Amino acid sequence: MAAIDHQAELIRAGANISSTWGNIKFLARRYPLGAAGAVIFVIFLFAAAFATWIAPLDPLSTNPKASLSEPTSVYWLGADFMGRDMFARIVHGSRISLAVGVGAMILGSGIGVAVGLASGYIGGWFDLLVQRISDIMQSLPLLVMALVMAASLGPSLRNTIIAIAIPLVPSVARIVRSNTLSLREMPFVEAARAVGMSEFRIALRHVLPNTLAPLIVLATAQLGSAILTEASLSFLGLGVPEPYPSWGRMLSESAAEYVRRAPWLVIFPGLAISLVVFGTNLLGDALRDILDPRQRS
Amino acid sequence: MGSYIVRRLLLMVLTLFGMSVVIFLLLRIVPGNIADILFESAGMVDPAEKAKITKELGLDLPLWSQYAQWIGGLFQGDLGFSYVSEKPTIEEIGPRIPITAKLAVLALVFSTLIGVPLGVISAVRQNTGLDYILRVVSLSGLSLPSFWLGLLILMASVRWFGDIPIYTSPPKNLFAELTLYLIPAAAVGFRSSALVMRLTRSSMLEVLRQDYIRTARSKGATEQSVNFRHALRNAVLPVVTIIGIEAAFLLGGLIVTETVFNIPGVARFLVEAIRWRDYPIVQNLVLFIALVVVVVNFLVDMAYMFLDPRIRYAD
């Protein structure tokens, strides 16, 4: 699975791009939607990293006088029932979203890669077992599986990450496994074996890097669904517990009564979730076009 | 062919058996069962009383024996009793299934009616402004949490119409039912329609590059006939797969949407049962969902053969 070599294509076309900055500009012009996604994602990362500096007010301190305050010059996006600043809560909420999204993606992909490699390499009964377990796990929708896992682990930040990561494992394992099976027969793997490389080293140094492209594409897609799943879990009250300001839970707190009285409590957290997932999806689409030319849309 | 179907059916049974073990164990590694929750909320701590309830519900038995009881009962059509309402599980789950099924069907119809035509338009007008707009809209469909979309619709209706049909009692006639379910179904179906659209588009693009499309054009077929009679018919196969898979996986979206719109379907009921650690409800319901998923997957594979005679499953 070769990625498109933009560098080579550019040189052939007579373009004179040498700097990294030039490369970035070229890619941004070639994939404008992907670039927009990257910008959204960078803003999201920035908000998470510098939340305490960006939001002047504390996301946890309550103020009964400001209860259900409309957006004002002090409370830029209004305040919730307990008088907590919505802007601060949304900015700080990006940390939770990022922690759960990226955490679940890394954990899920990590386990998936290890299981998929082992399954494709060892084969035999181990492979069969892994296949059947994947079947079982994929017989439930992601949210239902995560819901049951979250309920059985109990509500905490760490458990929410685990509950979302585990259901993500089978699809990663499947992709890595099928790639491993075909790569194992490649001449370069045979060459590595001939010069006396250990199987373990071959798996890590030769097979894994060659499955990276589809893996990155899948991982970006999973990042989006992990963030959405966290929001849904927290909305249902089985995700990240208080006092963390989770976007999903902010919606469930405000949902029922405030739809009429304080619409800003409903609009802004949902907007934050949608924007971040939208950015991730745009980025993922562009990455797929770049890394996986066979699926180009 | 025959032996392929037999093998698939055996695998389905194996998967469901595995699921039953997984769900059974997952529910029981939780610290605390319904007895704990009941007593915690009631605030009374009488160990003897608690032990009595635990014994009544059979929660003091060893795990394997609880499991055997559940599966044994399943085979005799006995799903046990809900811990919370103490009614038979089947009476609790049964009436709620049609509600969720209707919502799911409506959502699927919605997503197909919107997704397929827009996907075709987007592919035929590839790389035009219209294509870009449609692609961005479909990506946003994948990005909006369906419960938020539901809340937005609720809010907008309250603002503009003053109110919105909300589930209070079972609808009396078909029309009332439709008005009640249409909005939640659209909120859930928007996401699937985005998926369907994206897939239709990429599948159409693939087919439009084929030689026989050029042949059709060169023999003078109209643009419309090329797009719909030659291209779409051949591009629709992967779309059928995604619609089939979505049929089963819509449930994820329905869980939150039924919660937002206060619809007493089976999806919302699952969340309530999980909160209450109502084991009989949760384990039977989850197993039922898994059954729906594997059966739908099987049916989609079978539908392939009828839609594309070139596909034959080897024995």
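Among the contacts in chain B between residues at least 6 apart in sequence, 76% join residues at least 24 apart. For chain A the corresponding share, again among contacts between residues at least 6 apart in sequence, is 69%. Both values come from a predicted model, for which the scores are ipTM 0.84 and pTM 0.86.

**Confidence in chain B**

- Chain B has a mean pLDDT of 82, and 90% of its residues reach 70 or more.
- Among the elements of chain B, the lowest mean pLDDT, 64, belongs to helix α2 (residues 34-42) of chain B, while the highest, 90, belongs to helix α6 (residues 96-124) of chain B.

**Make-up of the two chains**

- Chain A contains 13 helices and 0 strands, so that its elements, read from the N terminus on, run α-α-α-α-α-α-α-α-α-α-α-α-α.- Chain B likewise comes to 13 helices and 0 strands, and the elements of chain B, taken from the N terminus on, run α-α-α-α-α-α-α-α-α-α-α-α-α.
- Of the 297 residues in chain A, 46% count as buried, and of the 315 residues in chain B, 38% count as buried.
- The C-alpha trace of chain B spans about 85 × 60 × 35 Å along its principal axes.

**Where the chains touch**

- The contact between the two chains takes 39 residues from chain B and 34 residues from chain A.
- On the side of chain B that touches chain A, the elements giving two or more residues are α1 (2-28), α7 (129-143), α8 (146-161), α9 (174-208), α11 (223-260), α12 (266-275) and α13 (279-307) of chain B.
- The largest share of this side of chain B, 8 residues, is supplied by α1(B).
- By residue type, the side of chain B that touches chain A divides into 31 nonpolar, 7 polar and 1 charged.

**The largest nonpolar core**

- The largest nonpolar core holds 154 residues, and those that touch the most other members are Ala146(A), Leu147(A), Leu270(B) and Val286(B).
- The element that gives the most to this core is α11(B), with 17 residues.
- Leu270(B), one of the residues that touch the most other members of the core, is in contact with Ile255(B), Val282(B) and Leu285(B) when residues up to four places away in sequence are not counted.

- Helix α5 (residues 86-122) of chain A has 37 residues and reaches 52 Å from its first C-alpha to its last, which is close to the 54 Å expected at 1.5 Å a residue.
- After α5(A) comes Gly123(A), a residue whose phi is positive, near 65 degrees.
- Helix α11 (residues 212-235) of chain A has 24 residues, and its reach of 34 Å from first C-alpha to last is close to the 34 Å expected at 1.5 Å a residue.
- Most of α11(A) is covered, with 20 of its 24 residues buried, and just after α11(A) the residue Gly237(A) takes a positive phi of about 80 degrees.

**A residue of helix α6 in chain B**

- Ile114(B) lies in helix α6 of chain B, the helix with the highest mean pLDDT among the elements of that chain.
- Ile114(B) counts as buried because it has 20 C-beta neighbours inside 10 Å, and the cut-off for a buried residue is 20 or more.
- In sequence Ile114(B) and Pro171(B) are 57 residues apart, and in space they are 27 Å apart, taken from C-alpha to C-alpha.

Note on methods:
Residues are numbered from 1 along each chain as its sequence is written. Chains are lettered from A and ligands numbered from 1 in the order in which they are written. This is a predicted model: local features need pLDDT of at least 70, side-chain atom pairs count only at pLDDT 80 or more; totals for chains, interfaces and linings use all residues. pLDDT is the predictor's confidence in each residue, from 0 to 100. Helices (H or I, at least four residues) and strands (E, at least two) are DSSP runs, numbered from the N terminus. Two residues are in contact if their C-beta atoms, placed from the backbone, lie within 7 Å. Ala, Val, Leu, Ile, Met, Phe, Trp, Tyr, Cys and Pro count as nonpolar, Asp, Glu, Lys and Arg as charged, and the others, Gly among them, as polar. A nonpolar core is a set of buried Ala, Val, Leu, Ile, Met, Phe, Trp, Tyr and Cys residues joined through C-beta atoms within 7 Å. A residue is buried if 20 or more other C-beta atoms lie within 10 Å of its own, exposed if 12 or fewer, and partly exposed in between; C-beta atoms are placed from the backbone. The expected span of a helix is 1.5 Å times one less than its number of residues.
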